Amino acid sequence: MTQTPHNLDIDIRDDQIWLSIKACFNRKGFAHTVVAFTTSGIVINTLSTFMDHLVQLNGAGREYVGIVGGTFQLLIMIASMLVGSWTDKSRKYFTSILMLLVLGAFALSFCSVQLDQDRGVDLRVALLFVAVVAGPLQPLSTELGVEVVYPLSENTVLVVQQLCSNLLSAAFIPVFKMLRHVATVSKPVGDVEIPEFTLSFYLLVLIHACATIYFASFNGLYLRHEEETRKTRPKESTRGEGGGYYSGKEGSSIRWPNDYAQSFYQPLVPPGRDASENYPFLLPVPYSMGVV
C-alpha cells in the first residue's frame with residue numbers, strides 16, 4: 001500500500017489467492033476439515049445425481065423420484081440447521097463431525113445391502129437417513145475450518161472447501177456410474193444375487209470410512225474461540241500465592257514472584273503519601289522476568 005497526501009494506491013499481488021490457500025493449509029487441522037467437507041459433498045452430489053435410478057430400482061414410478069429427492073434435500077437443510085445450532089452453542093465441532101462421519105458410513109453400508117429390487121422402501125428410507133447425517137457435515141466443517149485458521153478470512157475457508165468438494169465430486173460421479181454394472185448378477189445363481197450399484201456403494205463406503213479414520217487424527221486448535229474468550233476475560237492482573245502477580249491471559253506461563261516484584265518493581269506512590277504503605281500500583285523496570 002502506497003499513501004501520498006492526495007493519493008492512496010493498494011498493491012495487490014498476483015499470487016494473493018494462492019498465498020491465502022497455502023496459509024490455510026499450513027494451519028493444523030484445516031486439511032481435516034477439507035476432507036470432512038469434501039466427503040459430504042461427494043456423497044450428496046453422487047446420490048442426488050443417481051436418485052432417479054436408485055428410487056426406481058424396485059419399479060417405482062417417476063413421481064416417487066420427486067418426492068424422495070425433494071425430501072432428501074429438505075432433510076439436509078433441516079438437519080444442518082438443527083445440528084449446526086446445537087454445535088454453535090456447545091462448540092463441540094470435532095465430536096459432532098466425527099459422530100456424523102461414523103453414522104454416515106453405517107448409513108451407506110445399509111444402503112448397499114438394500115439395493116435388492118424387493119427392498120425399494122427400505123432403500124428410500126436409508127437414503128433419507130444418509131441425508132440427515134451427511135447434510136450437517138458441510139456447515140460444521142466450515143465452522144471448524146474458520147476456528148483453526150483464525151484470523152484468516154472465512155471466505156477463503158469456504159472457497160477452498162467448496163472447490164475441493166466440487167472437483168472431487170465431478171471426478172467421482174463418472175467412476176460411480178462406471179462401476180454400476182461391475183460384478184453384478186442380474187439373475188440369481190442359486191442364492192447369490194448382486195444388484196447393480198453394489199460395487200459403487202462399496203467404494204463410497206470405503207471413501208467415507210477412510211475420511212472418518214483420517215478426521216479422527218484432528219489436531220487443530222480453536223483459535224477463534226480462544227480469542228473470544230480472551231476478550232471477555234478481565235484484563236487486570238491477579239495476585240497469586242506468596243504475593244506474586246500473574247498476567248490475566250489464559251495459559252500464560254509468566255509469573256512475577258514476590259522477590260522479583262520487590263527487586264525489579266518500585267511502588268508508584270501518590271503525592272503526599274508514605275512510601276512504606278502497601279500500594280498495588282507497580283511501575284515496571286526493564287529487567288527480565290522469571291518464567292516458571
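The dialogue below goes through the model feature by feature.

Q: Where do I start? What is the mean pLDDT of the protein chain?

A: Start with confidence, for this is a predicted model. The mean pLDDT of the protein chain is 77. Of its residues, 68% reach 70 or more.

Q: Over which residues is the pLDDT below 50?

A: Residues 236-269 form one such stretch. This stretch still has 61 contacts in the model beyond near neighbours in sequence. Residues 275-292 are also below 50, and that stretch has 30 such contacts. Where pLDDT is low, the predicted coordinates should not be read in detail.

Q: Now the overall build. How many helices and strands does the protein chain have?

A: The secondary structure comes to 11 helices and nine strands. Next, look at burial. Of the 292 residues in the protein chain, 35% are buried.

Q: Can we take one residue as an example? Where is L47, and is L47 buried or exposed?

A: L47 sits in helix α2, residues 30-49. Its relative accessible area is 0%, so L47 is buried.

Q: Leaving aside neighbours within four places in sequence, which residues is L47 in contact with?

A: The list is L54, F72, L108, L127, V130, F201 and L204. Take F201 from that list. L47 and F201 are 154 residues apart in sequence, and their C-alpha atoms are 10.0 Å apart in space.

Q: Which residues line the largest cavity?

A: The lining is V43, G104, L108, V130, V133, A134 and H208. L108 and V130 are also contacts of L47.

Q: Which helices each supply at least two residues of that lining?

A: They are α5 (93-112) and α6 (120-134). Helix α6 gives the largest share, three residues.

Q: How many residues of the lining are nonpolar, polar or charged?

A: By class, the lining of the largest cavity has five nonpolar residues, two polar residues and no charged residues.

Q: Let us turn to charge. How many salt bridges does the structure hold?

A: Begin with the general idea. Side chains of opposite charge can pair when their charged atoms come close. The structure holds four salt bridges.

Q: Which residue forms a salt bridge with R91?

A: The partner is E147, and the closest N and O atoms are 2.4 Å apart. The pair links distant parts of the chain, 56 residues apart. R91 is in the loop between α4 (62-90) and α5, while E147 is in helix α7 (residues 137-149). E147 counts as buried because its relative accessibility is 0%.

Q: What are the N to O distances from R224 to E143 and E147?

A: R224 meets E143 in a salt bridge at 2.9 Å, N to O. R224 lies in helix α10 (residues 223-232) and E143 in helix α7, so this pair ties together parts that are 81 residues apart in sequence. R224 also meets E147 in a salt bridge, at 3.1 Å, N to O. E147 is in helix α7 too, so that pair ties together parts 77 residues apart in sequence.

Q: Are R224 and E143 buried or partly exposed?

A: R224 has a relative accessible area of 12%, so R224 is buried. E143 is at 27%, so E143 is partly exposed.

Q: Which residues are linked in a network of salt bridges?

A: The network links R91, E143, E147 and R224.

Q: Last, the backbone. Which peptide bond is cis?

A: The bond from Y150 to P151 is cis, with omega near 10°. P151 lies in the loop between α7 and α8 (154-178).

Q: And what is phi of R91 near?

A: Phi of R91 is near 65°. That is a positive value in a residue other than glycine. R91 is the loop residue between α4 and α5 that pairs with E147.

Notes:
Residues numbered from 1 in each chain as written. Predicted model: local features only at pLDDT ≥ 70, side-chain atom pairs only at ≥ 80, totals over all residues. Heavy atoms only, no water. pLDDT = per-residue confidence, 0-100. Contact = heavy atoms within 4.5 Å. 1 Å grid on protein atoms, 1.4 Å probe; cavity = no way out; pocket = protein on both sides within 12 Å on 5 of 7 lines; lining within 4 Å. Helix = DSSP H or I, 4+ residues; strand = E, 2+ residues; numbered from the N terminus. Nonpolar A, V, L, I, M, F, W, Y, C, P; charged D, E, K, R; others polar. Salt bridge = Lys/Arg side-chain N within 4 Å of Asp/Glu carboxyl O. Buried < 20%, exposed > 50% of the residue type's maximum accessible area, 1.4 Å probe, protein only.
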